[in-house]
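Open the model in your viewer and get ready to select residues.

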Amino acid sequence: MLDLFVKGGPVMYVIALCAMGATVIIVERFLFFASLAKKQKELLPRLRQLLKAGQFEQAEALCKSTDAPLAHLAGAGLEHRSLDELSIKEAVLNAANRQVPRVERYISALGTIANISTLLGLLGTVSGNIRAFGVLAASGAMGNPALLAGAIAEALITTAAGLIVSIPATVFYNYFVSKANSIIVDLESTVGDLVLLLVARNEGK
């Protein structure tokens, strides 16, 4: 394996860095989304129970003690529950604008790595072919077999390495984008219901 890495030439070092970066991002996002799902699964039933019972102070305290996007949005709405509907919506929207980047963090970087890895593989292919033609030009029609084989190996190895990094990175990028969009839609729906509840509470006073 190390021999193949060396034969791939200088481009392999950049591809290896891309592989490391993609791995770190994938692991971090998996842990983040798993933790987020667990927190919100525990939060929602308790929050709904408190809201139905009209225990808004306890619900606000629960949101402040939970580090999850839904908790931050609900907490912002509950904190401003005595205001008019427009003010409540604005408070929740501001909280959402602060939470969305957290949900989407590093995903665009993963997409960039997926694209760059393919291009780096192509760059290695081009540089390997340039070397191969250089060997042919310097050594005649057949060229030096050892040098020619090394140049061709560089082209093929870097192409394969770039695809090995790019394909899973692209798959996980699309998965995380879908996951983030689903979470954002759920947040909008849940908080929309919360705003309606708080507005109805204010009108019923």
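Is phenylalanine 172 buried, exposed or partly exposed? Select phenylalanine 172: its relative accessible area is 27%, so it is partly exposed. Buried means under 20% relative accessible area, exposed over 50%, and partly exposed in between, using a 1.4 Å probe and protein chains only.

This is a predicted model: local features need pLDDT of at least 70, side-chain atom pairs count only at pLDDT 80 or more, and totals for chains, interfaces and linings use all residues. Residues are numbered from 1 along each chain as its sequence is written, and side-chain values use heavy atoms, leaving out hydrogens and water.

Now look at the whole structure: a search finds seven aromatic pairs. Phenylalanine 172 and phenylalanine 176 form a stacked one, 6.2 Å centre to centre with 25° between the planes. Rings of Phe, Tyr and Trp (its six-membered ring) pair if their centres lie within 6.5 Å; planes under 30 degrees apart count as stacked, over 60 as edge-to-face and the rest as tilted.

Last, pick the cysteines. Cysteine 18 is buried at 10% relative accessible area, and cysteine 63 is buried at 3%. The disulfide count is zero, with a disulfide taken as a pair of cysteine sulfur atoms within 2.5 Å.
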